[in-house]
Amino acid sequence: MKQFKLINNIFGWLVFIIASIVYILTIEPTASFWDCGEFITTAFRLEVGHPPGAPTFMILAKVFSLFASDTAHVASTINVLSALASGFTILFLFWTITHFSRKIVASDGEFNTGRIIAIIGSGLVGALAFTFSDSFWFSAVEAEVYASSSLFTALVFWAILKWEDVADEPHANRWIILIAYLIGLSIGVHLLNLLAIPAIVFVYYFKKYKVDRKGVLLSLLLSVVILGGIMYVIIPWIVIIASKFELFFVNVIGMPFNTGNLVYIVLLLASVIYGIYYSYKKKKVLLNTILLAFTAILIGYSSFTIVVIRSLAEPPMDQNDPETVFSLLSYLNREQYGDRPLIYGQYFNSPIDYSNPTSEGKPIYIKKGDKYVVSDYKETYNYNPKFETIFPRMYSSQANHIKEYKKWTNFKGHPIKARTRNGENETVYKPTFGENLTFFFKYQIGHMYLRYFMWNFSGRQNDIQGHGEVTKGNWISGIPFIDDTRLGPQENLPDSLANNKAHNKYYMLPFLLGLIGLFYFYYRSQKDFWVVMLLFLFTGLAIVVYLNQYPLQPRERDYAYTGSFYAFAIFIGLGVLAITDLFKKVAPLTVSAGLATILSLIFVPSIMASENWDDHDRSYRYTARDFAWNYLNSCAPNAILFTNGDNDTFPLWYAQEVEGIRTDVRVCNLSYLSTDWYIDQMKRKAYDSDPVPFSLTHDEYVQGTRDYVPVYERFNDYQNLRQIIDFVASNSQKTRVNPGGNDYMDYIPSKKLRIPVNKKKVLANGTVADKDSAKIVNNIDWNINKSYVMKNDLMVLDLLATNDWNRPIYFAITVGRESYLNLEDYFQIEGLAYRVVPIKHNVEAGRIGSINSDIMYDNMMNKFHWGGINDPRVYLDENNMRMLMNFRSNFGRLAKQLVLEGKNAKAVKVADHCIELMPDSLVPYNYFNIPIAEIYYQTNETDKANAIVKTMSENTVQELGFYYSLDKNEFNTVSSDAQRSLALLQELIRVVQKYNQPELQKELEDNFYQFYDSYKRGRG
């Protein structure tokens, strides 16, 4: 036994070293996209990130950041935290597999060479298979919480198995207390760890009690109660009760703020201490264990106190401002993200119950004077009961989501009469419950879980996010008859898909080995099988049910299910034992175990590693940091830059707050600008950036005030925007309108708005160059294109009215047009942002803003950094590719402007630089290369132009050839792509015809009509 323990420990640490080296070699050397930039920033500066926070992760990451030699290396040290956390996850996975293997192979406690090889081999194969799995490797190389969350899951599951080994010893329950503490800590990373609780409960039950049906059902019920108790009682109610104390002591007794919190904390601690003391003295072991576990959870959960402490310090990033117990509760409950029905609720087209349309929800308390006052209520809609259902899966009323619901379910609906707002009855087609379940099984389980599962254990088609198309983001096997049946003839794949680095084939070998291990495990050890199966189900399908995801998710969500993939890796490891048993029929155990291990290592982890390396190696990629640098350096000094999404905001925060890049620019996220706490932060100085000059006071934009402002036409001529904002903020009954009922609302009395222009000021501060002085308008006169504005739009209008041309104002090119407030005629692009300038431009249809070619040329050609995008070693995933389309577009627009200005030599340089940075071999040519080709034609660089056109034609013909090789049902999923490809060929024909290239024109026309004829015959 001692010899086995030594070998088991040695090989455990060996897989840890292998995994850690792999992950450290492939980590991104700087911040990644999505939430990573924000997490790095909150850790480095100890700030408050998005709800519900991750204080445990933040503290760990802060410690790792202390090892950075300079701020440029902070991100890489925090990425190493994820790499090492993932390495430790693999370590505990190895020991978990060998624990189960030992119970099967050496249940009598006797070990020989063959048994040891079989046990260690199973651990090696399972652990290394998970090491090189797609989703886990993705999280292991970036500064996100999922790697650390996986470590906590692996650790608590391993800990209960350690308890199982010593359960009959006097102090075995110390492992239970450790597990409780780890669960408490894990709340400060991610709640996914809690889903291991059912498996933990069943390990305890199987060890301590005789197994029968009643006991199994009670254990399952108990596990759900414990899980729900932590999620819905301990986490929120610790704070809810504190809020009751605080409200009583401050508002009723008149004590200072936080008095109730302090009294509550003292009472809670005293109660817990007394309970532990009482149970110990009275020898109530179970009660004592429960109280100690509860205390351990509280100690771990107390990491959230750092969120409140740091919020009180008012750092530059202070999301939700959780410095009161009320705002902390909102923060923990993720209230800013809204609600979704789980057990009972509405369908996507459920009519409002107009007899009682809304219900007043819980009050929202804020500090005012020396009391807490209600600023608003969480209002909820009441739906027609006829249109509500149990287990609602199709609930989102967004138009694009409704279209997808109907697509995934082949929607027919069931007609029901419903009363409209004006009291009339109309027929509404309510989804049937069968259609509801169809969406659940086809989309939520099939597309959003099983597809990811097969990515990891069968193969992945590519990294293009898909929504049901046969060409995007599906799982594959690498076995032609399987893939061709599902996805069309794979031998016809265009190069752009076949050469995608994420086109990974495992030939279903990990999946098959896992299935073998699953059935073998069930046959050999049913109790342990159900423990692992519970872990598999609760970290997989249970999450699917809980998340209740709507269609068209902004990104792939496979990272949420790595706990389930972790459990399946246990089955993969145990598959080695099954193969060993098979080989034992013809060879000795030692030979059988060795052969099974070697073959499994070759055909599972080795294939996974070789296939996945190129699309998981981020070691040379600096795109997130460099693109953020480009956004910030598109702006003039002391600018205000409006952004909108994660990827045009979080990397910029990272660049500013960690690396100190352009801290004079104020990045203002329009999504957050609809909240009072974020507006408050914008009104504070941050580093070298002055406060944003909003004129509205806190009381004038506090939650529940001017969240929605209608726009009415009361004037025929343009109205000064300053006077309009004063009108909206006047708090006078005379400036309000009654939209119905008893409520009066502030409103904007004109769609025609005016911003006066101080010509001397805009010339003096560089807003307009001297050469353009004659173009300056006296006023910016424009029509706002909205019938109402939300709070974020109102604040933008307030800024435009108040700024008086003192600070440059920009909108990032990634911001949606609906946020431009119809100001596009006064936009000037200077890089990756549009500047608001007092010059009205005549811009061609489909374009936004004019171009300052001098500034933009200097930025695009000299200043901007490109993150290694033209390095073949750099993996450019779909997210990066989408952003590069913006850059291509900008290069084309800049070159075209230079040609219009007669600067042909510069235009050619711009086009050459675009092709050099983004060659077809790395970033396949697309529509945005047509302007580049036209520039070459216009500047007599015909060979370069023809080369682009030919390459684009070849790519498009390959794509169309594949599309038209599909059967009708498969083709229907890509028909819009086929139409775009045909339109692209048409556009290429127009271009070569315009620039007199008859031979190339004929070739393109032949290609076009070859496919267009098929399209006309009805294939499209």
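Which helices each supply at least two residues of the lining of the largest cavity? They are α6 (134–140), α24 (605–616) and α33 (878–900), where helices (H or I, at least four residues) and strands (E, at least two) are DSSP runs numbered from the N terminus. The model shown in every view is predicted, so that local features need pLDDT of at least 70 and side-chain atom pairs count only at pLDDT 80 or more, while totals for chains, interfaces and linings use all residues. Residues are numbered from 1 along each chain as its sequence is written, and side-chain values use heavy atoms, with hydrogens and water left out.

View 1. A cavity is taken here, on a 1 Å grid over the protein atoms alone, as a set of points where a 1.4 Å probe fits but cannot get out, and its lining residues have an atom within 4 Å of a point. Grid points are joined across faces, edges and corners, and a volume is the space filled by probe spheres set on the points. The count comes to 5 cavities of 30 Å³ or more, and the largest cavity holds about 460 Å³ of space. Its lining consists of 25 residues, of which W34, F138, R460, R555 and D877 lie nearest the centre. Helix α33 gives the largest share of this lining, 3 residues. By class, the lining has 8 nonpolar, 4 polar and 13 charged residues, with Ala, Val, Leu, Ile, Met, Phe, Trp, Tyr, Cys and Pro counted as nonpolar, Asp, Glu, Lys and Arg as charged, and the others, Gly among them, as polar.

**View 2. The largest nonpolar core around F157.** A nonpolar core is a set of buried Ala, Val, Leu, Ile, Met, Phe, Trp, Tyr and Cys residues joined through side-chain atoms within 4.5 Å, and buried means under 20% relative accessible area, against over 50% for exposed and partly exposed in between (1.4 Å probe, protein chains only). The largest such core has 175 residues, of which Y23 and F157 touch the most other members. Helix α4 (residues 74–105) gives the most to this core, with 16 residues. With contact meaning heavy atoms within 4.5 Å, and residues up to four places away in sequence not counted, F157 touches T96, F100, A199, V531, V532, L535 and I570. Apart from this core lies another, of 145 residues, among them I679, V777, V815 and L876.

**View 3. F538 in helix α20.** F538 belongs to helix α20 (residues 526–538) and is buried because its relative accessible area is 16%. Not counting residues up to four places away in sequence, F538 touches L195, P198, V224, L227 and I543. The C-alpha atoms of F538 and Q398, which are 140 residues apart along the chain, are separated by 30 Å.

**View 4. The loop position of S303.** S303 is placed in the loop between α12 (285–301) and α13 (305–312), and it counts as buried because its relative accessibility is 11%. Leaving aside neighbours within four places in sequence, S303 is in contact with P55, T56 and G188.

View 5. Strands β3 (residues 363–368) and β4 (residues 371–377) run antiparallel and are joined by 6 bridges, two strands being paired if DSSP finds at least two bridges between them. The hairpin that they form has 2 residues between the strands, and G369 in the turn has a positive phi of about 70 degrees. The bridge partner of Y365 in β4 is V374. S375 is also found in β4, and it counts as buried because its relative accessibility is 17%. Leaving aside neighbours within four places in sequence, S375 is in contact with I364, I366, V702, Q703 and G704. S375 and T705, although 330 residues apart in sequence, are 8.0 Å apart in space, C-alpha to C-alpha.

**View 6. Two open sheets with mixed pairing.** An open sheet of 6 strands has the order β12-β11-β20-β22-β21-β23. In this sheet β12 (666–669) and β23 (850–851) stand at the edges, each with a single partner strand, so one side of each is left without a neighbour in the sheet. Strand β21 (residues 827–829) pairs with β23 in the parallel sense over 2 bridges, and I829 has I851 as its bridge partner in β23. An open sheet of 3 strands has the order β14-β17-β18, with mixed pairing. Its edge strands are β14 (719–720) and β18 (779–783), each of which pairs on one side only. Strand β17 (residues 752–756) runs antiparallel to β18, with 5 bridges joining them, and K752 has N783 as its bridge partner in β18.

Technical notes: 1 Å grid on protein atoms, 1.4 Å probe; cavity = no way out; pocket = protein on both sides within 12 Å on 5 of 7 lines; lining within 4 Å.
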